[in-house]
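Welcome! Open your viewer, and we will walk through this structure stop by stop.

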Amino acid sequence: MGVEIERKFLLSGEDWRAQGEPVLLRQGYLCSDPVRTVRVRIEGEAGVLTIKSKSTGATRGEWEYPIPLLEAQELLDRLCERPLVEKYRRRIAHAGFTWEVDEFLGENAGLVVAEIELPSEDAQFEKPAWVGQEVTGDKRYYNSSLIRFPFSQWTTP
C-alpha cells in the first residue's frame, strides 16, 4: 500500500508567486466519499488515476496509476462529479522538501494552499516565510470537498 503523509497550510504574502513554474491541473472525482476517493487528474500531458483512503491525522493510503491522456479526458468529461477542480500548481524546493502551492480557479478562485509531503507524521521541517496557518485535517480544504462546497460559497475561510 502506498502512504501519503501530507500537511496543508494557507499562505501569507505573495513571495511564493516568484518561485516555481505554474502548471495547470484539471481533476475530477469518480468517488468523493470521505472514506475513499477516486480521482482522475490531467497535469500537463499526463493522465493519472488516484485512489485515497480516509485520513488518520496527516496520513492516508494512496495508490496512483498513470492512464492514457485521452482516457483521462473522457473520464473528466463524461463521468466525474461536477464541478471539476482546476488549479495552477507550483512546486517549490525549500530546505530539503518540495512544497506544492495550489492556486485554485473557477468556483474555488481565491483559495491558495501549500502542501508538504513528509516521510513521517513527526518529521521536522522548516516553513518558508510565505507559509501561514496550518489547515491539515480541516475537511473544507480537501479537494474532494471543494466540489460539494466550493470556496466561493464560504462566508469565512
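A residue is called buried when its relative accessible area is under 20%, exposed when it is over 50%, and partly exposed in between, using a 1.4 Å probe and protein chains only. Two notes before we set off: this is a predicted model, where local features need pLDDT of at least 70, side-chain atom pairs count only at pLDDT 80 or more, and totals for chains, interfaces and linings use all residues. Residues are numbered from 1 along each chain as its sequence is written, and side-chain values use heavy atoms, with hydrogens and water left out.

Select C80, which counts as buried because its relative accessibility is 8%. The structure holds zero disulfides, a disulfide being a pair of cysteine sulfur atoms within 2.5 Å. For C31, the nearest cysteine sulfur is that of C80, 11 Å away.

Helices (H or I, at least four residues) and strands (E, at least two) are DSSP runs, numbered from the N terminus. Two strands pair if DSSP finds at least two bridges between them. Select residues 36-43 and 46-53: these are strand 3 and strand 4, paired in the antiparallel sense over eight bridges. Look for T37, which faces K52 in strand 4. Two residues sit between these strands, and G44 in this hairpin takes a positive phi near 65°.

A pocket is found on a 1 Å grid over the protein atoms alone, as an open set of points where a 1.4 Å probe fits, with protein on both sides within 12 Å along at least five of seven lines; lining residues have an atom within 4 Å of a point. The largest pocket has a volume of about 690 Å³, counted as the space filled by probe spheres set on the points, which are joined across faces, edges and corners. Select E4, E6, R39, K52 and R60, the closest to its centre of the 40 lining residues.

**Last stop: Q133.** Select Q133 in strand 9 (residues 131-134). Is Q133 buried or exposed? Q133 counts as exposed, because its relative accessibility is 54%. Its C-alpha atom is 7.2 Å from that of L11, 122 residues apart along the chain.
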